[in-house]
Amino acid sequence: MKGSVNKYTAPTYYRQFGSIRLNKEELLNIMIEDSERLKKNGVSYGIRLEDYSVYGSGVHVASIYRNNFTPYHDHDYYELNYVFSGELLEYIDGRALTLESGDMLIMAPNVRHVSNPYKKARCYNILISTGFAENAAAQLARFDGQNYLSELIKTSGFLIFHQVHVESLVSDMNDLARRERKNFKFRVPLLECLGKQLLFALCNHSYDV
């Protein structure tokens, strides 16, 4: 790579996606073309959990908006994209995908991707540190050594879960992430408890590789 950058505010070029009336195919093609252009030019967007997480928390939650669109990038944490409603367009390691309501994508660190909600889709990012994920996988391994999280940690890549419907859990996590510490001092441990609950709950669902 020629260089690495850490810029999380979408360049003006990407902000126009929120106002232009593009159909899904047109928007996805723009995402693909720009991602391939960045790869060809050797540009790498790398994102660190420490720039988002507060007070050392291993879990963070954020809404996915069109106006905070981040170009093709990778990260040093596990990322889950959950779709409450509508559709979330994804381009992951050269593969174009569309997530629908109730779908969840989990990616290992260093998986390069870009995502963009289509129209008024409601979607969320859940960011989980590698140490937190490995601890959760170790707990799961006591009961089933073949759990999906252990597999993902060993092989990297990504998994897609269909129709998991964890709206209430993700909403609670998002609410905790937005609270101020001075008004809610146990926010971090509660958020981490919910994050682990989410990882454990996914074990009951089948997934696509």
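# Exercises on a predicted model

The protein has six helices and 10 strands; helices (H or I, at least four residues) and strands (E, at least two) are DSSP runs, numbered from the N terminus. This is a predicted model: local features need pLDDT of at least 70, side-chain atom pairs count only at pLDDT 80 or more, and totals for chains, interfaces and linings use all residues. Residues are numbered from 1 along each chain as its sequence is written, and side-chain values use heavy atoms, with hydrogens and water left out.

## Exercise 1: the whole chain

Task: state what share of the protein is buried, what share of its contacts links residues 24 or more positions apart, and what area the protein exposes.

Solution. 
- Step 1. Apply the burial classes: buried means under 20% relative accessible area, exposed over 50%, partly exposed in between (1.4 Å probe, protein chains only). Of the 209 residues, 48% count as buried.
- Step 2. Turn to contacts (heavy atoms within 4.5 Å). Take those in the protein with a separation of 6 or more: residues 24 or more positions apart account for 76% of them.
- Step 3. Read the surface. The protein exposes about 10700 Å², and carbon and sulfur atoms supply 48% of that area. Accessible areas come from the Shrake-Rupley method with a 1.4 Å probe; for residues, only the protein chains shown count as cover.

## Exercise 2: helix α2

Task: check the span of helix α2 (residues 24-40), then find which of its residues are buried and which are exposed on the other side.

Solution. 
- Step 1. The expected span of a helix is 1.5 Å times one less than its number of residues. For the 17 residues of α2 that gives 24 Å, and the end C-alpha atoms are 24 Å apart, so the two agree.
- Step 2. Buried in α2 are Leu27, Leu28, Met31, Asp34, Ser35 and Leu38.
- Step 3. Seen down the axis of α2, the buried residues fall within an arc of 135°, so they line one face of the helix. The arc is that of the directions from the helix axis to the C-beta atoms.
- Step 4. Glu25, Glu33 and Lys40 are exposed on the other side of α2.
- Step 5. Inspect both ends. At the start of α2, a side-chain oxygen of asparagine 23 comes to within 3.1 Å of the backbone nitrogen of glutamate 25. Glycine 42 follows α2, with a positive phi near 75°.

## Exercise 3: aromatic pairs

Task: say how many aromatic pairs the whole structure holds, and classify the pair of tyrosine 82 and phenylalanine 84 and the pair of tyrosine 148 and tyrosine 207.

Solution. 
- Step 1. Rings of Phe, Tyr and Trp (its six-membered ring) pair if their centres lie within 6.5 Å; planes under 30 degrees apart count as stacked, over 60 as edge-to-face and the rest as tilted. A search of the whole structure finds six aromatic pairs.
- Step 2. Tyrosine 82 and phenylalanine 84 have ring centres 5.3 Å apart and planes at 75°, so their pair is edge-to-face. Tyrosine 82 is buried at 0% relative accessible area, and phenylalanine 84 is buried at 9%. Ring pairs link Tyr82, Phe84 and Tyr124 into a cluster.
- Step 3. For tyrosine 148 and tyrosine 207, the ring centres are 6.4 Å apart and the planes at 55°, so the pair is tilted. This pair links distant parts of the chain: tyrosine 148 is in helix α4 (residues 148-155), tyrosine 207 in strand β10 (residues 207-208), 59 residues apart.
- Step 4. Tyrosine 148 is buried at 4% relative accessible area, whereas tyrosine 207 is partly exposed at 27%.

## Exercise 4: strand β8

Task: describe the surroundings of asparagine 125 and the position of proline 117.

Solution. 
- Step 1. Asparagine 125 sits in strand β8 (residues 113-128). Its relative accessibility is 18%, which counts as buried.
- Step 2. A polar contact of 2.4 Å joins the side chains of asparagine 125 and asparagine 81. Such a contact is a pair of N or O atoms within 3.5 Å; within protein, one must be able to donate a hydrogen and the other to accept it, and residues adjacent in sequence count only if both atoms are side-chain atoms.
- Step 3. Leaving out residues up to four places away in sequence, asparagine 125 touches His60, Val61, Ala62, Ile64, Glu79, Leu80 and Asn81.
- Step 4. Proline 117 is also placed in β8 and is buried, at 1%.
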